[in-house]
Amino acid sequence: MSDTTLHELCKGFGALLSRSKTPQFAEEAARVNDRGNLPLHAACSFQASQDVVDALLKAYPQGASVPNGVGNLPLHQAAMWQAPPDTVELLLVHHPEGASARNQYGSLPLHMAASNSATAEVVKLLVDAYPDALHLQNDDGMTPLDLALADESTSEQVIALLEGRPPPPEMTRRQKAEKFMERADALERKLLTVRGSGGRQGRDFKDAVAAVRRLADCYPQALYSAGIDPNELEISLSNAMVDGGAMSSSRRGGSSGDAARKQQMAIENAILEAVLKRSKGAAKQGDDQDRDDFGGVRDRVEDLISSIVGLEHIKCQIRGLRRTTEICDLRESLLPDHGNGIRGLSALLLGATLSDTGGRPRAPHMIFFGNPGTGKTAVARLLAKVYHELGILRKPKFLEVERMDLIAADQRGTIAKTREVLEEARGGILFIDEAYTLGMTSKRSRAENAGNDAMNEIMRSIDTDEAGRDSPLVIMAGFPTEMNLFLARHEELRRRFDVTFEFPDYTCQELAEIFVDLVHAKGFYLDETVRVDYIAKLLQKQSDTFWRSERNGRVSELLLAGARTEVRKRIRSSQFEEQEVDPQLILRQDIETAMEGLN
């Protein structure tokens, strides 16, 4: 759904208060657009006054606690777009827990306020509502103070509040004018410095072009995300270099500096044309499923992440690691070391984030908790592909093992089998299903500590990986109760796994989404009357929570198998009745009959 009339009114407010008196206002206030925004989100994004927000909250009180497509509450939007303090205070009154809510990038409302020049009054409201936010980091490892210090326009009052000290008295007009003059003088000095470094500009520009080409070769998805086709860009750059060279040869009276500038302009135009060409092409196909909300080409990594139903906490972790990885790759490309400690582009111009000399991030070893069918194996298999695409893993290898693949009849055999498995999974992911069984004794094994021998080899591999970076990424999975008991008994093993993910039971809505995805994956399609909400209500009505928790994703598979059986029955019946039947169409009655057969 695109923006409704009320979404548009919330951007100007002229007629909104009059419209709030109409009967349909309550229904309109609860509608979301295609980005998941309520009218309340739109109003907070356009600095709505308190009376406008109050009218929307009276019409739809739950609106203050509803996140949009990227996990932003209306409070996030208000903090990001410099809404008045009265508006922020009203949102906190209606939903005080919003001050501690994170979006899909791990940012709290205080992070949004600190990075977008919010007033000291707004910052104080958010700090008072959730004081712990002062010390919490977002997915990029930045605290609100870090974000505020990176913005030169942040006021001294805001900095003081974020540092936890009393704010200084507000400056007079004269003091503000002097402050602006100092800032203008500093900017002028910086411009003069850049202008005086003409001898370095040519080398910097070549480094930048080379960096773009390296990104196109090694990480094409980064350029795709920016709306550029790497192949088209390379052709345009090559043509620009040739044209620039020919132009400089044909100029008899011009200087070499003029020729270099001509060539530089040709390359700059080539990059801009590649971006514009890609953007125009995307605009013509705005409804294409292969394109994102901003008109660029969707990259493979985001497609893989989006294929996961639910599990938003895992998606946030992957996206955070991706952003950190790509920043490190960009830093390495833009700051190549020339051998004498001097880098091509000034770290001052790139800022603290890109000039940081920290190493490339690594994916942590993980523990997955969850009931059967919650997607532990499927997510681990997908992580192998995602981490390989990001360059974190050397290959997209995924090896699933269990106790019998690691344990032998004696200690020597156990060590040999475990090392063989670790070697086979090298460079990829080793997924140990029902890992808690390693703590059990076996009548077949003469050594009671056979599981301990396997765990010792796994720990040795993890410790070796700290230096070698080629041992497999290890994921241990199992049921919650058994895994907690197992890890409590093996503290040495537990300390080597930095991240634990809990896989909750799927809701009926998520099971319905999984069912629809399976239908399309198998080449079927649903009748127009069958929608996700209908399937979710059917599951809610005809099955109980305990039954679903024992199966989870298996419920969707069983439901599809039953529906396919009904389709085959209809095809056989049509042969006698001389009726045409679409063999790929699943009807509403097929799903209802299949659901009855599951119980």
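The questions below concern a predicted model and take up side-chain contacts, a pocket and salt bridges.

User: Is serine 45 buried or exposed?
Analyst: Serine 45 belongs to helix 4, residues 39-45. Its relative accessible area is 16%, and the cut-off for buried is under 20%. Serine 45 is therefore buried.

User: Which residue's side chain does serine 45 join in a polar contact of 2.7 Å?
Analyst: Setting aside neighbours within four places in sequence, serine 45 is in contact with Gln77 and Trp81. The polar contact of 2.7 Å links the serine 45 side chain to that of glutamine 77.

User: Which helix gives the most to the lining of the second largest pocket?
Analyst: The second largest pocket holds about 770 Å³ of space. Among its 27 lining residues, those closest to the centre are Ser153, Thr154, Ser155, Glu156 and Met171. Helix 9 (120-129), helix 11 (156-163) and helix 12 (173-196) each give two or more residues to this lining. The most, 9 residues, come from helix 12.

User: How far apart are the closest N and O atoms in the salt bridge of glutamate 457 with arginine 460?
Analyst: Both residues lie in helix 23 (residues 450-468), and because they are 3 residues apart, about one helical turn separates them. Glutamate 457 is buried at 7% relative accessibility, whereas arginine 460 is partly exposed at 39%. The closest N and O atoms of this salt bridge are separated by 3.1 Å.

Notes
Residues numbered from 1 in each chain as written. Predicted model: local features only at pLDDT ≥ 70, side-chain atom pairs only at ≥ 80, totals over all residues. Heavy atoms only, no water. Helix = DSSP H or I, 4+ residues; strand = E, 2+ residues; numbered from the N terminus. Buried < 20%, exposed > 50% of the residue type's maximum accessible area, 1.4 Å probe, protein only. Polar contact = N/O pair within 3.5 Å; in protein donor to acceptor, adjacent residues only side chain to side chain. Contact = heavy atoms within 4.5 Å. 1 Å grid on protein atoms, 1.4 Å probe; cavity = no way out; pocket = protein on both sides within 12 Å on 5 of 7 lines; lining within 4 Å. Points joined across faces, edges and corners; volume = space filled by probe spheres on them. Salt bridge = Lys/Arg side-chain N within 4 Å of Asp/Glu carboxyl O.
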